[in-house]
Every structure is written in structure tokens, then in C-alpha cells.
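Work through the exercises below with the sequence and the 3D structure at hand. Each task is followed by a solution in steps.

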Amino acid sequence: AADRAAAIGGYAASVIRLFDTASRSLQLLDAGDRAVRLYVCGITPYDGGHLGHAFTYHTFDVLTRRLRSLGHPVRSVRNVTDVDDDMMRVSAARGIGWRELADQVVRDFDLDMGAIDILAVDAAPRASQHVPAMVDWVSRIAKAGLAYAVDGWVYFEVAKLPAYGRLSGLGAQEMLRLSRERGADPDDPRKRAPLDFVLWQPSRSGEPCWASPWGAGRPGWHIECSVLSTAELGAPIDVHGGGDDLIFPHHESEIAQAAGAGISPYARLWVHVAMVGYQGEKMSKSLGNLVFVRQLLERVPAATVRLLLADHHHRTAWEYTGADLEAAEARRRHYATAARASSTLERAEADGWRARFLERIDDDLDAPGALEVADRLADRLVAAGAAGPEDGAALLAQLLGLVGAASAVQPAP
């Protein structure tokens, strides 16, 4: 690992700067000499892997690859939300058990992500496997005086935690709007206040249920990630991430729950990925405007899909069009042409290309900026000929490997 780190650039992990949602500033990622603990919110498994999913997991894949290129270990965890209102609704509509639905979708999702060379995570815990721990957490939060029970429902009392809202920086009215839009019910008459959120709820007929001090039921959405993340990684988590639609209420509520359970700080850095749009709207299951990874792979090689994703900064929302895919394929072909040129470079020049590429990756995972460096390197290789001991094609493949696109230098199958 040390030799590989030296070959890639020899930087220390602390030179990687990430935009932290909580502080609204770039912060150094520095985990010292231990493994970086990375938790990214995973899928609710009732549909396959679409381009929005891929953009999020591509981002953290690039971070993982960069850290490992430095010889720095990473323990990555991505949960599976298999106990959820949407899971129950879709399984009932399709006439299939919720566990069977989850098994099918997770299998297909893993195949889709693997097909575009998203690295496998170290753990993918399912919510349904940790419910007793969630019951324990809810009990701890209630004993701390931050939760109340009504008719088998348990709610977190937001007014008891003045820091609620600090992550998102939103005002009360905007939080109410988003709460309603993203699946909560501010008008629930059992609540003491509209922003109070569900920790535990009774199960409906036919739904899975577990024993609890408040009656048989199932956990709320937010408690799942607080429990799964700390069970796998401890606290504080070094980097907690996901789509930026999770900032509120999901991640805001995770922080509240951790504080209620006596865990603070819960995460050192919060990294969020912008939404991908299609046909004028955010790509989402509810709107049905999804572009699936497997559909793209019917048209182009996997490296092209990775180049498509890498051409957009993770904090900038974008809308997918067919022209984007064509541009990514043209770029892949250019890289393959450059590799076939069999050019070599002097070591000092090769080191310069490495340094410029890595500088962009280390600056808040600026993959689009890194690809611009790769474009110029490819231009140079096409024109270079034999100039030194460094293999130009190997250098290009090495750098593109950090964005999961090393195979771009190979002819398309």
C-alpha cells in the first residue's frame, strides 16, 4: 500500500478538503493513523439503481479510492432501509413479501453498481436486522426526556433540543414544508409540535412488527441510520454522507437522536451530493422519471458512465440529457486513442500531470477539474511520441482509476 501511495502522489490524508454541510466550509479530512469511518445512506429497496443513486455513490467511491491510494484504510458502510412506509406500500401493491422485495432489489442494485465499478462497501446492514437495538435507543432517548409516547407511537420532542435545525440552517416554516414534502406528517394530532418526528410506530395489519415497551410495531425512518451507523463504525463517524435531499429532515434528525442517546459529536464531516434531474424534474421514484444504470450500459461501456458522472461536481445539481452521454463516450474514445499512441514522458513531466490531477481530487473531490487535466494529458500523449521512461498510457489509466474509469484507456468491447 505504501508503494502504491508513493506512485499515486504521496499526499497525506489531511490534504483532502471536503465541503462540510454543518460548518458550511471546506474542512480537512484527517483521521490520523486509523481507518477513515465512512457512512453513506443507502437505498430503500423497492426499485433498481438509477443515475441519481449512481452519482451519490460515485462521489464516495472517488473519496474511498483516493484515500486508499494514499495507503489510508477506509471502512465504508451503506445501509439498506428495508423497513419503511414505501417498502410496505410497494410490497403490498406487487403482492410480494417485503423481505423478498428487498432481496431482489438489493441484488439488482449491487449488480448495477458493480457493473460501473463502484467499490463494494465493507458492510451493508439492513434495518430489519437491528430493530432490538433501535428499541433500546428509543428507550434511552425517552429516559433522557427527549421523547414522548402516545397510543403506541413515540415521538422525538424537537423543542427539547435547541440545536435542532443547525445542520440545515433552515427556518421553522421551511422545515415544515420539507417535512411534509418528504414523508412526515406535521398535522399528526398526536404530536405536541408539528416538527416532532417518529421514533416508533404501531404496525398496520400485515406489516412486520417487533416487541417494544410501547406495543408491537416498527421503527421510524430516522432512528435506523443512527443505530446502524454507530453499530458498525462507533462515533464520531469521520464522514457521513448522502444526497442533499437527506439534509432535512433525515440527517438533522439523526444528529438529534444521537444527542438524545448521549452521543456527541455524532459525525465530524457531513458531505452531501446534489440531485440529478431529468425531463425538467429531480430524478425520483415518485415522479417516475428515472434513468437506470442498466439502460445506459446497454448503450455504452461502464467507463463512459463513470466519465459521465465524474464530469459533474458533486455539489452542483445537473440534468441528464442524451448529449451528456454522447460527450462522455467521445471523451472515453479520446482517452483510448491517447493510450494507443504508446507515448512516453520524462519523469518530471509525468509527476507534474499527477500533481495537477490529484490537486483537483483533493480539493473537494473536484472530479470535473481532474478530468480537464486528463483531457490535456491525453492531448499531450497523442502528440508526444517517445520522450522518457514513463509510460503515458499507464499514467492515464492510473489517474482515471481514481474516478473509477481506468478501463477508458482500453478499446471498447
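Predicted model: local features only at pLDDT ≥ 70, side-chain atom pairs only at ≥ 80, totals over all residues.

**Exercise 1. Examine the nonpolar core.**

Task: State how many residues the largest nonpolar core has and which residues have the most contacts inside it.

Solution. 
- Step 1. The largest nonpolar core contains 128 residues.
- Step 2. Leu51 and Leu400 have the most contacts inside this core. Helix H13 (residues 367-384) contributes the most to the core, with nine residues.
- Step 3. Take Leu51 and leave out residues up to four places away in sequence: Leu51 touches Val276, Met283, Val291, Leu296, Leu308, Leu309, Trp318 and Tyr320.

**Exercise 2. Classify Ala92.**

Task: Which helix holds Ala92, and is Ala92 buried or exposed?

Solution. 
- Step 1. Ala92 belongs to helix H3 (residues 85-94).
- Step 2. The cut-off for exposed is over 50% relative accessible area. Ala92 has a relative accessibility of 58% and therefore counts as exposed.
- Step 3. Val36 is 56 residues from Ala92 along the chain, and the C-alpha atoms of Ala92 and Val36 are 40 Å apart.

**Exercise 3. Describe the whole chain.**

Task: What radius of gyration does the protein chain have, and what would a compact globule with 413 residues have?

Solution. 
- Step 1. For 413 residues, a compact globule would have a radius of gyration near 22 Å. The protein chain has 23 Å, so the two values agree.
- Step 2. Along the principal axes, the C-alpha atoms fill a box of roughly 75 × 45 × 35 Å.
- Step 3. The protein chain has 14 helices and 15 strands, and 57% of its 413 residues count as buried.
- Step 4. Among contacts with a separation of 6 or more, 78% are between residues 24 or more positions apart.
- Step 5. The accessible surface is about 16,600 Å², and carbon and sulfur atoms account for 50% of this surface.
- Step 6. There are 44 positive and 54 negative side chains; the centres of the two sets are 2 Å apart.

Note on methods: Residues numbered from 1 in each chain as written. Heavy atoms only, no water. Core = buried A, V, L, I, M, F, W, Y, C linked by side-chain atoms within 4.5 Å. Buried < 20%, exposed > 50% of the residue type's maximum accessible area, 1.4 Å probe, protein only. Helix = DSSP H or I, 4+ residues; strand = E, 2+ residues; numbered from the N terminus. Contact = heavy atoms within 4.5 Å. Rg over C-alpha atoms; globule rule 2.2 N^0.38 Å. Areas by Shrake-Rupley, 256 points an atom, 1.4 Å probe, with all protein chains shown as cover. Lys, Arg positive; Asp, Glu negative; His and termini not counted. Charge placed at Lys NZ, Arg CZ, Asp CG, Glu CD.
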